[in-house]
Amino acid sequence: MRGIERGRRPLPAHPDDSERTIGSRHGFAPRSHYSSAAQPVSETSLLSVWTTAQRSSRAQRSGRYVAESMAHPGKMLPAVARHAIAAYSRPGEVVLDPMCGIGTTLVEAAHLGRQAVGIEYEPRWADLARRNLGLAAEQGASGAGEVATGDARAAGRLLDASYRGRVALVLTSPPYGAVTHGHVRPTPQGRVVKQDHRYSTDRANLAHRPVRALLEGFTQILVGCRAFLTADAAVVVTVRPFRRNGELVDFPSLVTAAARDAGLVLAERNVALLAGVRGDRLVARASFFALHNLRSPHRSAGVRHVRAHEDVLVLVPR
Ligand SMILES: C[S@@+](CC[C@H](N)C(=O)[O-])C[C@H]1O[C@@H](n2cnc3c(N)ncnc32)[C@H](O)[C@@H]1O
């Protein structure tokens with residue numbers, strides 16, 4: 001065993017959430033259970049489930065993020081970030097998100113007393129991430145953060161050298177497509193129009209590249225991040241499968257393979273719920289587009305369910 005001993009983490013404190021881990025084999029302190037590189041774990045043996053959507057995405061952000069943040073099409077649920085940061089890093093440690101969007105990882109890290117650093121390709125989202133960090137500081141967050149604007153494939157150049165060997169946790173989520181992203185607005189004609197469903201119009205944004213190019217870019221980003229990791233760091237990636245023209249793309253497996261190419265091995269595969277848990281029932285929080293795709297025969301390819309979770313891949317350096 002690698003023997004990563006981090007000790008049991010307290011549940012992250014947040015007023016209205018009742019986050020807990022269902023069916024986890026190791027409660028809230030999984031780091032000491034990492035397998036060695038020589039013995040990759042069975043992907044099913046380490047499943048655990050995080051109740052991270054007890055409140056809607058909007059409710060989780062209300063008052064904690066500037067309102068313009070809602071326009072970002074692919075945000076991580078704050079409760080997912082909070083849970084991952086509490087489980088895989090300690091107060092005072094450095095948490096990095098190389099594709100930080102409007103800064104969910106950074107804001108939650110700052111509130112949990114971590115030092116946060118992010119990279120975001122789009123100036124619009126990077127500016128919002130800075131504003132959100134400013135709001136966290138105003139609200140008394142005990143940690144702080146900073147954001148570099150640029151292509152994270154050049155992380156080695158963008159990040160200050162002082163971070164080398166100090167990042168205890170990389171928490172990130174790669175972008176993919178726009179099929180289920182965005183908001184809808186009704187028109188006077190009784191139709192609906194899509195808005196806020198794209199990261200930008202820049203074709204070089206990895207979100208807009210074909211899946212293969214996106215994965216190659218993600219590998220490069222992870223390779224760049226590796227120089228900044230501590231010896232016992234974790235790289236946590238949240239990701240979902242998606243459908244393209246009705247066909248299921250097993251994105252979590254593709255991302256796991258991309259991470260392997262960057263010298264990272266899968267230590268755990270967890271589940272972050274996107275649906276609320278009420279007793280023995282799930283409260284679905286499917287987006288308009290998820291429901292629309294379900295009803296469109298060419299998109300759903302006969303499938304009759306919406307996703308209620310996303311995968312949380314926990315990777316460690318080989
Ligand atoms: C899924 S979103 C991350 C959202 C973030 N977790 C949040 O909650 O705000 C992925 C982000 O990666 C950014 N991105 C795409 N290509 C990038 C690159 N080469 N370097 C850095 N960021 C990139 C996109 O603009 C997008 O904001």
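1. Two strands pair if DSSP finds at least two bridges between them. Helices (H or I, at least four residues) and strands (E, at least two) are themselves DSSP runs, numbered from the N terminus.

2. A word on what you're looking at. This is a predicted model, in which local features need pLDDT of at least 70 and side-chain atom pairs count only at pLDDT 80 or more, while totals for chains, interfaces and linings use all residues. Residues are numbered from 1 along each chain as its sequence is written.

3. Overall make-up: the chain has 9 helices and 15 strands. Of its 318 residues, 42% are buried (20 or more other C-beta atoms within 10 Å of the residue's own; 12 or fewer is exposed, in between is partly exposed, and C-beta atoms are placed from the backbone). Take contacts between residues at least 6 apart in sequence: 74% of them join residues at least 24 apart (contact means C-beta atoms, placed from the backbone, within 7 Å).

4. Start with β3, residues 94–97. Val94 and Leu96 are buried on one side, Val95 and Asp97 on the other, which leaves both faces covered. In general, side chains in a regular strand alternate between the two faces of the sheet. β3 pairs with β4 in the parallel sense over 4 bridges, and valine 95 has alanine 116 of β4 as its bridge partner. From β3 the chain goes through α3 to β4, a right-handed β-α-β crossover (with the strands pointing away from the viewer, the path from the first strand over the helix to the second runs clockwise). β3 also pairs with β6 (residues 167–172), again parallel, over 3 bridges.

5. Next, the helix in that crossover. 8 of the 8 residues of α3 are buried, among them Thr104, Glu108 and His111. Its cover includes α2, β3, β4, α4 (123–138), β5 (144–149) and β6. After α3 comes glycine 113, with a positive phi near 80°.

6. β9 pairs with β6 in the parallel sense over 5 bridges, with leucine 229 as the partner of valine 167. With β15 (residues 309–317), β9 pairs in the antiparallel sense, over 5 bridges; there threonine 238 stands opposite valine 312.

7. Which residues touch the most other members of the largest nonpolar core? They are Ile85, Leu169, Val235, Val236 and Leu315, out of 77 residues (such a core is a set of buried Ala, Val, Leu, Ile, Met, Phe, Trp, Tyr and Cys residues joined through C-beta atoms within 7 Å). Helix α2 (residues 78–88) gives the most to this core, 8 residues. Leaving aside neighbours within four places in sequence, leucine 169 has contacts including Ile85, Val95 and Val236.

8. Now the ligand: 26 residues surround it, and Met99, Gly101, Thr104, Tyr121 and Leu206 are the closest (a residue is near if its C-beta atom, placed from the backbone, lies within 6 Å). α3 (104–111) and β4 (115–120) each supply at least two residues of the shell.

9. Last, a loop to check: glutamine 54 lies between β2 (49–50) and α1 (57–61). Glutamine 54 counts as partly exposed because it has 19 C-beta neighbours inside 10 Å.

Note on methods. Two residues are in contact if their C-beta atoms, placed from the backbone, lie within 7 Å.
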